Amino acid sequence: MKRLLTTLLVLISLGLCAVCLVQWKREARLRDHIQDLVKRLKDENALRIDAERRVREYEKEIARLTELRAEVEAKLVEVTREYNNLSADSVARGITIAIYMRELMQMQRGLEATQLAFGKGADAIKSHNSVVTTQNSAMEKQNELLKQLVDERNDAISKLNARTREFNDLVEKYNKLAKSK
């Protein structure tokens, strides 16, 4: 019986050792699992912190881009307005250029007709230049004469105004004398 008890004791001890071994392995797995969860938690916290940091950076970038967009839209409106003004001006200038081109073409046809009439182009240009020169000198003389006439007219008007003032003063003196008598 003693042997049986000893064997039973050994078997119970071995069973307890087996239970301890199983618990130790289970505890080791649980510790590993806890360490894995702690590591994942730290990684997720680091990712969350990094994500929050990126969110703040993105918010700042969005604010900056919104401001830039507003500036660009304002510039776009201004440039569009300028473009419309320049387009209108360009169209007006195009019309003016077309008119000038038509006049130029008419003048060229007239020049060609003049050149054909005179026979030689160089002679026609020289004669035309001499005519233009004489016309210019005649215009200059007329301008000088006109300026002189304007000055004489201004002097005459000034004298007339002075004379009129004298007559008005004389009439006032006469009226005062006539009233006093």
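**Overall layout**

Mentor: The secondary structure of the chain comes to two helices and zero strands. Helices here are DSSP runs of H or I with at least four residues, strands are runs of E with at least two, and both are numbered from the N terminus.

Trainee: Is the chain spread out or compact, going by its radius of gyration?

Mentor: The chain is more spread out than a compact globule, because its radius of gyration is 56 Å, well over the 16 Å that the globule rule gives for 181 residues. That radius is taken over C-alpha atoms, and the rule is 2.2 Å times the number of residues to the power 0.38.

Trainee: What box do the C-alpha atoms fill?

Mentor: Roughly 175 × 85 × 20 Å, taken along the principal axes.

Trainee: Where does this model come from, and how are residues numbered?

Mentor: This is a predicted model, in which local features need pLDDT of at least 70 and side-chain atom pairs count only at pLDDT 80 or more, while totals for chains, interfaces and linings use all residues. Residues are numbered from 1 along each chain as its sequence is written, and side-chain values use heavy atoms, with hydrogens and water left out.

Trainee: What share of the residues is buried?

Mentor: Of the 181 residues, 1% count as buried. Buried means under 20% relative accessible area, exposed means over 50%, and partly exposed is in between, with a 1.4 Å probe and protein chains only.

Trainee: Let's switch to charges. How many positive and negative ones are there?

Mentor: The chain has 33 positive and 27 negative charges, and their mean positions are 8 Å apart. Lys and Arg count as positive and Asp and Glu as negative, while His and the chain ends are not counted. Each charge is placed at NZ of Lys, CZ of Arg, CG of Asp or CD of Glu.

Trainee: How many salt bridges does that give?

Mentor: The count comes to nine. A salt bridge is a side-chain nitrogen of Lys or Arg within 4 Å of a carboxyl oxygen of Asp or Glu.

Trainee: Pick one. What does R48 pair with?

Mentor: R48 forms a salt bridge with E52, and the closest N and O atoms are 3.0 Å apart. The two residues are separated by about one helical turn, because they are four residues apart in helix 1. R48 has a relative accessible area of 42%, so it is partly exposed. E52 is partly exposed too, at 36% relative accessibility.

Trainee: Which residue does D50 meet in a salt bridge at 2.2 Å?

Mentor: R53, with the distance taken N to O. D50 and R53 are three residues apart in helix 1, so about one helical turn separates them. D50 counts as partly exposed at 23% relative accessibility.

Trainee: What about R54?

Mentor: R54 forms a salt bridge with D50, with 2.6 Å between the closest N and O atoms. Salt bridges that share partners join D50, R53, R54 and E57 into one network.

Trainee: New topic. Which residues form the nonpolar patch on the surface?

Mentor: M1, L5, L8, I12 and L16, with about 540 Å² of accessible area together. Patches are made of residues with over 30% relative accessible area and no salt bridge; like charges are joined within 9 Å, and nonpolar side chains (Val, Leu, Ile, Met, Phe, Trp, Tyr) within 5 Å.

Trainee: Where is M1 placed?

Mentor: M1 is in the segment before helix 1, which covers 2-118. M1 has a relative accessible area of 72%, so it counts as exposed.

Trainee: Last one: how far is S130 from L9?

Mentor: They are 121 residues apart in sequence and 147 Å apart in space, C-alpha to C-alpha. S130 is found in helix 2, residues 121-180.

Note on methods:
Accessible areas come from the Shrake-Rupley method with a 1.4 Å probe; for residues, only the protein chains shown count as cover.
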